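This report considers aromatic pairs, helix packing and backbone features in the structure shown below.

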Amino acid sequence: MEGLMQQQPLLISTLLEHASRHHGATAVVSRRTEGGFFRTTWRDTAVRAHRLAHALDGLRLAPGERVGTLAWNTHRHLELYFGVSGSGRVLHTINPRLHAQQVAWIVNHAQDRAVCFDLAFLALVREILPLCPHVRHWIALCEDDRLPADTGIAGLASYEALLGTGTARYPWPALDENSASTICYTSGTTGPPKGVLYSHRSAVLNAYAAATPDAMNLSARDAVLPVVPMFHVNAWGMVYAAALVGAVLVLPAQALGGEALYELIEAEQVTFAAGVPTVWQGLLDHMASRELRFTALGRAMIGGSTCPESMIRDLQERHGVQVIHAWGMTETSPLGIVCTPKREHLGLAADEMVALCAKQGRAIFGIDMRIVGDDGHELAWDGKSCGELQVKGPAIVRDYYGNTEGSPLRDGWFPTGDVATIDAQGYVQITDRSKDLIKSGGEWISSVALEAVACAHPAVKYAACIGVAHPRWGQRPVVVAVLKPGAALGRDELIRFYEGKVARWQIPDDAIFLDDMPLGPTGKVLKSALRELVASRAPPRSPG
C-alpha cells in the first residue's frame, strides 16, 4: 500500500524559493572582490538567480551540461549555486588554488561548456584558455564596464550584462530529484582528482541534516558566515542550509585574514562561522594581539583537519564560543560527523569537555558508519579498536564521474581512508589518515596524536608530524612546528615536552621549525612537501 502524500521532488531550487517566500527580507551580505559590499536579500537573490537561469537558456546550454566557476564566496557565486542547478544544469565549482595544468585537466574531464570567473583569476583563465577547447562561454563575474579592454579572450561576456538578458521570473523545471546538481573534484593529493557528482536529493538531505540542533544548529535567528570557500565541497553545505532555515548569509569574498574576518564578524553580528583550523588560528592571533572579543559569535565549526585542543580551549574558555568539531569529505556531500555533547555530557568538567570536543563526533542523520580491520571485518565500538572508517547513506558517493577503474565501494561501504576509533556512544575519533600513519619497528604511530602534543605547547602555533625513512626501524617520526609570534622554543625542549605524554619509542626523533607551514589548495597541511623538506634530516637514532 502506498501512502497518500503529495509527490514533491527534493530540489535545490525549492531551497531558494522557500528562503525567498518565507524569509524574503532577510539579508544576504557579500564583500565584493572589487571592494566594498553588496547588500541584498533572499528575495532579490532569487530574482537574480531567475535572470541567470533565463540567460543560460539564451546561451543554449542544455540540461545536464556543466557550468564551471572560479570564484570566491560572493553574491554572484551564490546566484550561480541556485540558477545553474535549479535550471537543470550542473554547477562545477573549481578550486582556483590548484595549478593551472590541474585546473585545465579538471575543466576538460568535467566537460565544462561555460566557465564563470572572478577577475582576480583572469591570469589563470588566460593560461588555461588554449587547453580547454570545449568551453564555449567565458563569463567574467563583474559589471560590463569593469571588463579589461584587452583580455585576450574572444567573446568574453560580463556576468551583469548576461543577467540583463534574463527576466525576473523563471519557471524552475520539475526535475527528477536524483538528477545531477553539482560536481566537485577531490584535491588529487594521492592521484588524479576524482569527480563527485551530487544529486539534488543528496544536497537537500545533507542540508536538512546539517541544520539540525546536534549539527550546525541553524535557524532564522542566525547570521551565518561560511569562511570555507564555496569552491571547496559546496562550502560544507552551508549555503543550502542557510537557505533552508532562512538565516542571514554573510559572504567574505577573498578577505580571509584575521583582521578582515574579525571586522566582518562584528559588523554583521555573525553568530555561526565555519572554516579550517589555519583560518581560525589567524583570527585568534589577530584578536589576541589587540585583546579583542566577540560580541555575537556563539558557535564555530572547525573541520578539514583535526582541531588542536589549545584552539578549543581558547575559543570556549576565553571567548565563550562553542566549538563544533566536524568531519566530512567531498564524497559525503560533504558533512558526515559532528561533535556536539549529549545530555549526559552537560556536567563534564572543563578538561573533560575539551577532550570530548576534540573528537570528530557522531554521525548526522543519513550517515551510517563502521570501522574495519585489515581483514575487512567490523571492529567493536569500544573507543580502543582502531580501523578504517567506512560510511554509507543516501548522500554518500556511489561512484566517481567518468570512473573506469571499478567501483570505489567495498560491500556497499565507502572507504574513507581515515583511521579511527568509535566509542560506545558513537563518537568517532580520527587517529590518522591511512597514508599518514607512521610505521616504526612494525608498530603504528599516530601522526595526529603527536601533532596534538606539540600543539599543546604554549609556544607552538601549528604542528605537523611525518614519517621519515630509517634504515633500521622503517620509519621514524619528525615533528615540524611553526611558533607563535615572539615565542622561542628549541629542538631539544620540544622533544622533551613529549616525555610522559606518549611512549618513549613514539617520541619524535627530530623537531624542525619553519616560518610558515606549507598548505595545500584546501587549507590543509601539505605533508608531501614536508616529507621532501625533512627526509634527509631525520637522525638515525634508535627509539628509547
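This is a predicted model: local features need pLDDT of at least 70, side-chain atom pairs count only at pLDDT 80 or more; totals for chains, interfaces and linings use all residues.

Trp72 belongs to the loop between strand E3 (66-70) and helix H3 (75-86), while Phe121 belongs to the loop between strand E5 (112-117) and helix H5 (122-128). The pair thus joins distant parts of the chain, its members being 49 residues apart.

The rings of Tyr170 and Trp172 have centres 5.4 Å apart and planes at 65°, so this pair is edge-to-face. Tyr170 and Trp172 are likewise both buried. The count of aromatic pairs comes to 7. One aromatic cluster is formed by Trp42, Tyr81, Phe82 and Tyr240. A pair of aromatic rings is described by the distance of the centres and the angle of the planes.

## Helix H2

Helix H2 covers residues 42-58. Its 17 residues should span 24 Å at 1.5 Å a residue, and the end C-alpha atoms are 24 Å apart, which agrees with that expectation.

The buried residues of H2 are Trp42, Thr45, Ala46, Arg48, Ala49, His50, Leu52, Ala53, Ala55 and Leu56. Trp42 is also a member of the aromatic cluster with Tyr81, Phe82 and Tyr240. An α-helix has 3.6 residues a turn, so residues three or four places apart point the same way. H2 is followed by Arg60, which has a positive phi near 60°.

## Packing of H7 against H8

The axes of helix H7 (residues 200-211) and helix H8 (residues 238-245) come within 8 Å of each other and cross at roughly 70°. H7 and H8 are therefore roughly perpendicular. H7 contributes Ala203, Ala207, Tyr208 and Ala211 to the contact, and H8 contributes Tyr240, Ala241, Leu244 and Val245. By class, the contact of H7 with H8 has 8 nonpolar residues, with no polar and no charged ones.

Tyr240 of H8 takes part in this contact and also belongs to the aromatic cluster that includes Trp42.

## Packing of H9 against H10

Helix H9 (residues 258-267) and helix H10 (residues 277-290) pack at an angle of about 80°, their axes being 8 Å apart. This makes H9 roughly perpendicular to H10. On the H9 side, Gly258, Glu259, Leu261, Tyr262 and Ile265 meet Val279, Gly282, Leu283, His286 and Met287 of H10. The contact of H9 with H10 has 6 nonpolar, 3 polar and 1 charged residues.

H10 has 14 residues and extends 20 Å from its first C-alpha to its last, close to the 20 Å expected at 1.5 Å a residue. Its buried residues are Pro277, Thr278, Val279, Trp280, Gln281, Leu283, Leu284, His286 and Met287. Among the elements that cover these buried residues are H9, strand E12 (272-275), strand E13 (299-302), helix H11 (309-318) and strand E23 (460-470). Just after H10, Glu291 adopts a positive phi of about 55°.

## Backbone exceptions

Most residues other than glycine have a negative phi, and most peptide bonds are trans. Gln111, although not a glycine, has a positive phi of about 60°. Gln111 is located in the loop between helix H4 (100-110) and E5, and is partly exposed, with a relative accessible area of 37%. Ala235 is not a glycine either, and has a positive phi of about 50°. Ala235 lies in the loop between strand E10 (223-226) and H8, and at 0% relative accessibility counts as buried.

The peptide bond from Ser333 to Pro334 is cis, with omega near 5°. Pro334 is situated in the loop between strand E14 (322-328) and strand E15 (335-339).

## A buried loop histidine

His345 occurs in the loop between E15 and helix H12 (350-357). With a relative accessible area of 7%, His345 is buried. Apart from its neighbours within four places in sequence, His345 is in contact with Met353, Leu356, Gln425 and Tyr427.

Methods
Residues are numbered from 1 along each chain as its sequence is written. Side-chain values use heavy atoms; hydrogens and water are left out. Axes are lines fitted to C-alpha atoms, for helices over the stretch in contact, and angles run from 0 to 180 degrees between N-to-C directions. Helices (H or I, at least four residues) and strands (E, at least two) are DSSP runs, numbered from the N terminus. Angles under 35 degrees count as roughly parallel, over 145 as roughly antiparallel, 65 to 115 as roughly perpendicular and the rest as oblique. Contact means heavy atoms within 4.5 Å. Ala, Val, Leu, Ile, Met, Phe, Trp, Tyr, Cys and Pro count as nonpolar, Asp, Glu, Lys and Arg as charged, and the others, Gly among them, as polar. The expected span of a helix is 1.5 Å times one less than its number of residues. Buried means under 20% relative accessible area, exposed over 50%, partly exposed in between (1.4 Å probe, protein chains only). Rings of Phe, Tyr and Trp (its six-membered ring) pair if their centres lie within 6.5 Å; planes under 30 degrees apart count as stacked, over 60 as edge-to-face and the rest as tilted.
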